[in-house]
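I would ask you to look at the sequence and the structure together as I go through a few local features.

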Amino acid sequence: MTHPLRLHPDRLFPADERSRAIARALYAGVKDLPIVSPHGHTDPAWFAYDQPFADPAELLIVPDHYVFRMLYSQGVGLEALGVPTVDGSATETDPRAIWRLFASHYHLFRGTPSRLWLDWVFAEIFGIDIRLEAATADHYYDVIAAALPTPAFRPRALFDRFGIELIATTESPLDPLEHHRAIRESGWHGRVVTAYRPDPVMDPEHPGFAGNLIRFGEVAGEDISTFAGYLRAHENRRAFFRAAGATSTDHGHPSARTADLPPAEIEALYARVRSGPVTPAEAELFRAHMLTEMARMSVADGMVMQIHPGVHRSHNPALLGRFGRDKGADIPVPTGYVEALKPLLDRFGNERDLTIILFTLDETAYARELAPLAGHYPALRLGPPWWFHDSPEGMRRFREQVTETAGFYNTVGFNDDTRAFLSIPARHDVARRMDCGFLARLVAEHRLEEDEAHELARALTYDLVKKAYRL
Amino acid sequence: MTHPLRLHPDRLFPADERSRAIARALYAGVKDLPIVSPHGHTDPAWFAYDQPFADPAELLIVPDHYVFRMLYSQGVGLEALGVPTVDGSATETDPRAIWRLFASHYHLFRGTPSRLWLDWVFAEIFGIDIRLEAATADHYYDVIAAALPTPAFRPRALFDRFGIELIATTESPLDPLEHHRAIRESGWHGRVVTAYRPDPVMDPEHPGFAGNLIRFGEVAGEDISTFAGYLRAHENRRAFFRAAGATSTDHGHPSARTADLPPAEIEALYARVRSGPVTPAEAELFRAHMLTEMARMSVADGMVMQIHPGVHRSHNPALLGRFGRDKGADIPVPTGYVEALKPLLDRFGNERDLTIILFTLDETAYARELAPLAGHYPALRLGPPWWFHDSPEGMRRFREQVTETAGFYNTVGFNDDTRAFLSIPARHDVARRMDCGFLARLVAEHRLEEDEAHELARALTYDLVKKAYRL
Amino acid sequence: MTHPLRLHPDRLFPADERSRAIARALYAGVKDLPIVSPHGHTDPAWFAYDQPFADPAELLIVPDHYVFRMLYSQGVGLEALGVPTVDGSATETDPRAIWRLFASHYHLFRGTPSRLWLDWVFAEIFGIDIRLEAATADHYYDVIAAALPTPAFRPRALFDRFGIELIATTESPLDPLEHHRAIRESGWHGRVVTAYRPDPVMDPEHPGFAGNLIRFGEVAGEDISTFAGYLRAHENRRAFFRAAGATSTDHGHPSARTADLPPAEIEALYARVRSGPVTPAEAELFRAHMLTEMARMSVADGMVMQIHPGVHRSHNPALLGRFGRDKGADIPVPTGYVEALKPLLDRFGNERDLTIILFTLDETAYARELAPLAGHYPALRLGPPWWFHDSPEGMRRFREQVTETAGFYNTVGFNDDTRAFLSIPARHDVARRMDCGFLARLVAEHRLEEDEAHELARALTYDLVKKAYRL
């Protein structure tokens, strides 16, 4: 026995009819607006060379840490899901076997955003109308595998079908950005820009940091034996990234700490960082100081800063040793902003032409710290709910906890922040529906007028992201 | 094109019809109860001399940090809003220009409590029926400016029109309370009482502390060269404040820390505090010990203690230097109560005749710490949602997170805590509506009977505040 | 005048009709499922000897810390409630006087779970149809006192009436488990199992620890002068408990900290612990290391671990001195899991056959730490909302904050965790209603299909608890 797969037109709207009717009307006004994706992790090579995706497992399961972390938590080994090992030892290579294993555990995703995104992909992109479960695994596999080689399912065709106006990828300063150049030179109309993510050359605890630093000097053509040269290397690479369309930088640090060290101190610290190894405290201080330097450069070159702090990366050493980083073992930690950001804000918080977008995985900061900070400092804006909180309840908590203090206009629309290309429209659709639902409740409770809600729905969907990211 | 301004009679009630109908009935029973305002920051001179308010900008914008922090966050300088500078350098002086600037940014307040309060003031006090925006700025200015000089808009007339039974102001121990005396001697019927806020003479990090301490000895007529004399000075000033109607003290500390030092230690610490300067740790310890001394005095003289902890004041040094304190740059920080209050509670927590009202800006403490503490210690009560949380969502979170452990009867009704006199009825009205909405949900979900909800609505509006503050 | 007491069939369901209708249907499918109570504090002697309960006060008030903490917070002395003193000095002995005092304060429980549980007991068990208040106190007392001696109100009859399939008690390793033996030998059909709670012999700060340790060696028949012998004593007692039906251990530590010390270090620490006294840091480290040892033993013997961290026990020293422990003065504190559990997880987190169930009183950990951890590590599951959060709003927050990251299948159904035997069905009923309400909202918002919701309602009520606790 199979079950139907249906995407209800009212999904995610509030249950009470008064609010739902308003939400429907608001959503009708924004559902077809173009997708602006200012921060994410798609592969620019897809758009550069427009090759078909490999197979259903490789497309939808193997690279999706939301998916395999849930299966892993219930006893499914990553080997069986085809996740590659560090030492190259064998893992499952039959995509159909991987797909069947996934299908038989699909009930684990009930109530999760992955379920919403995947069902949307199945129904909307592949036209499937029965639910994924063990009994339908092969049907799914066959339908998807048959579609992928066809022209309509190539990256550029999907880009157009999704109504993407612009998408940003994220690259290391060491990246030559040749895929972005290939896109530009191809004459294709799609806008794919990069973003400057300097962690590999700014975080002394990044794997391979020492080698990265040497290459950084080489690609930037700067003598990085002094801190001044190191800063010039950043300036050079930032300019190179801006030429490839970048309007933003991105910083994924363990904490939100910033520092503003006197020249002699940072020079000495940089010397230790360069010769290595450094203590965790020194690494933290270097990253902290560098955020302030990045803000200084942003004031000069106009790039928008994004700060994504507060994750204990690779919490599971056995998994790290066998499968490497980014395998679903990253766990959020308590994250403070008020003291942490002060050194940076003391110098640049009042800059009207600087935009720093703050993210958090510690929702306790929303109402206590982030909304009060963003509701005061001209340089600060609040990014949308991130990672584990990129979900209906996470979005609801975000709006409920930040709006009263920061307002809507200190937020910046939605980020999909994903490498799961096919799910991008689904993710934006969830955000649009949840924002419309939140606005609808305000209207239903007579806290906002309907004409204002329509204006806000459009702002949250389209206007604010373009303004904040200078797109 | 203008838009209508309407205050819907069902505003802030739950959207589902079942709960809304119950909320309407509950609200009908409390909407006209007198306003009891046990803690706030209005100027007693208004009521003493009953002079008209100056102009729309001076009344509604220039002193309201909720308003100018939001505009500042979006790039509007405080100079353009007429906020006075520390060095007396010029800022905007044309109230109409300030008003127009405010009006053109009024959309920033969508979804915020300021919008609810201001719309109420515009509609209910000034009878305006079109929305504030750039196009209606002059109409607003003219209507308000014309009304202010008339007798109906003087402080005492508004006090009566608002149905205020009692209002408390907040003064320093150094204050001679001459405005309160003038009120009493005027024969006017309005009850305006003071509250004892000793931070300027109890917090070694308060600006001007050294001078304040000298004046404290003088106004109290005590030799404060010993700690015993310093305590006697507090006792004297508390008695003076009680004679001016005060029933409460108020303490705005960076943390909730308390201490109970042995006599020799506090004597030595006081000597260092008096000679100054002290370390931050010494200042913190002195404040901590003094909270326990304040509790001891409250046991003796019956004054209710209010503790308002957990703010990083003046987070923005550039703004502090140019415009001074209280300019919208105060940011909440994580605040613990369980260990912090223990020294005080060890001595006085079981006193049935002592009332200590706890506030927080760290909502994580509601369910984890504050409700369990207040649901046990006879001396503790929970103050209403404070400052950034004095808002519909903040009130909802407060009731949802404290009621199940502390019940309703360990809370103390509403505080408006404002200097924005005209908004006081709007603030109390929001609290009444949100409390009725919360009770209505309990009734609709059959967790409470309707007769009990009516009794509770009255208790939350009127009975509990009078009992807790001994009014 | 009295008021009716009614248990509405729709109680606790969402207020909007769309969700409510779905909740009703889901609840109809689970309301009569057997009660599986895998963790609690009932007295096995009740089931062993089936004696009648003493009187209404002794049954419902004197041992219930939820009840007397609320009355105490409002100025009612524990003496007047008949709570026994440490020194044996007199307290109230007239159960009717105690009952009247309770009745006259029953309004304090409005909006609390105690009110829900007690009203259910009054209406469902004793058939009372008027509300408890001063005027009905004697009626209540008479009805309950008359019922208690009758056969239908004896423990075993109630066990059957409640539909209990299994109940777990909690005992110290020092307990001879003679009541459990008596139950087995009586031939009665009821399943009453124990659980291994080693805090008295594992927490150096436990009152009487030194003497407990000596007795521990005696009852286990092991020489505990070495750490190896101490571990063997645990292994022996765990085997003894398993023979009495235990499938789980339980650990009530001040924090979630774990450690994995090298042999020489733990041997030296154990020597200090055994000779005593130890510093708080040493006590913490010993508990921390022992959690990892307990995990090691659980891998070997299959017992499920429960960790209940994060309470400041006996916060009120005056109350502790006069009335002893567990008198309503336990207060939650901030509790971190990510760093705290790492040493244990580094060794055993990837074990698929180990189950560690985590509880918290710090709800900020739900979305930030616990759901991400349980959504990754095969060994981890999340226990239901605990203690102060075992309430409608607490349950709602739990599902809203953990489901999107951990899913439903990393949770383990409901724990009543109570010694209040009569309230057990009421507590499970609240959980079933709230879970059905949560699922109903997902269905109403088209985030879940109705057939899946029915399957999940059954899983949350019955299947998951049996699987997680291996019952």
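I shall discuss a pair of packed helices, then one threonine, and then some backbone details. Please keep in mind that this is a predicted model.

Let me begin with the helices. Two packed helices are described by the angle between their axes and the distance between the axes. In chain B, helix H5, residues 95–104, packs against helix H7, residues 137–147, at an angle of about 130°, and their axes are 9 Å apart. H5(B) is therefore oblique to H7(B), and the crossing of these two helices is right-handed.

Which residues make the contact? From H5(B) they are Pro95(B), Arg96(B), Trp99(B), Arg100(B) and Ala103(B). H7(B) contributes Ala137(B), Asp138(B), Tyr140(B), Tyr141(B), Asp142(B) and Ile144(B). Sorted by class, the contact between H5(B) and H7(B) consists of seven nonpolar residues and four charged ones, with no polar residues.

I turn now to Thr335(B). This residue sits in the loop that runs from strand E7 (331–332) to helix H16 (342–348) of chain B. Is Thr335(B) buried or exposed? Its relative accessibility is 7%, so Thr335(B) counts as buried. A polar atom of the Thr335(B) side chain lies 2.8 Å from the backbone oxygen of Val333(B). Leaving aside residues up to four places away in sequence, Thr335(B) touches Ala256(B), Pro309(B), Gly310(B), Asp362(B), Ala365(B) and Glu369(B).

My last topic is the backbone. Most residues other than glycine have a negative phi, and most peptide bonds are trans.

Where do we find cis peptide bonds? In chain A, one runs from Gly276(A) to Pro277(A), with omega near -15°. In chain B, a cis bond joins Gly276(B) and Pro277(B), with omega about -15°. Pro277(A) lies in the loop between helix H13 (263–275) and helix H14 (280–301) of chain A, and Pro277(B) is in the loop between helix H13 (263–275) and helix H14 (280–301) of chain B.

As for phi, Ser314(B) is not a glycine, yet has a positive value of about 50°. Ser314(B) belongs to the loop between strand E6 (311–312) and helix H15 (317–323) of chain B, and is buried, with a relative accessible area of 17%.

In chain C, Asp50(C) also has a positive phi, near 55°. Asp50(C) is located in the loop between helix H2 (44–49) and helix H3 (56–60). With a relative accessibility of 18%, Asp50(C) counts as buried.

Thank you for your attention.

Technical notes. Residues numbered from 1 in each chain as written. Chains lettered and ligands numbered in written order. Predicted model: local features only at pLDDT ≥ 70, side-chain atom pairs only at ≥ 80, totals over all residues. Heavy atoms only, no water. Axes fitted to C-alpha atoms, helices over the stretch in contact; angles between N-to-C directions. Helix = DSSP H or I, 4+ residues; strand = E, 2+ residues; numbered from the N terminus. Parallel < 35°, antiparallel > 145°, perpendicular 65-115°, else oblique. Left-handed = near helix turned anticlockwise from the far one by under 90°. Contact = heavy atoms within 4.5 Å. Nonpolar A, V, L, I, M, F, W, Y, C, P; charged D, E, K, R; others polar. Buried < 20%, exposed > 50% of the residue type's maximum accessible area, 1.4 Å probe, protein only. Polar contact = N/O pair within 3.5 Å; in protein donor to acceptor, adjacent residues only side chain to side chain.
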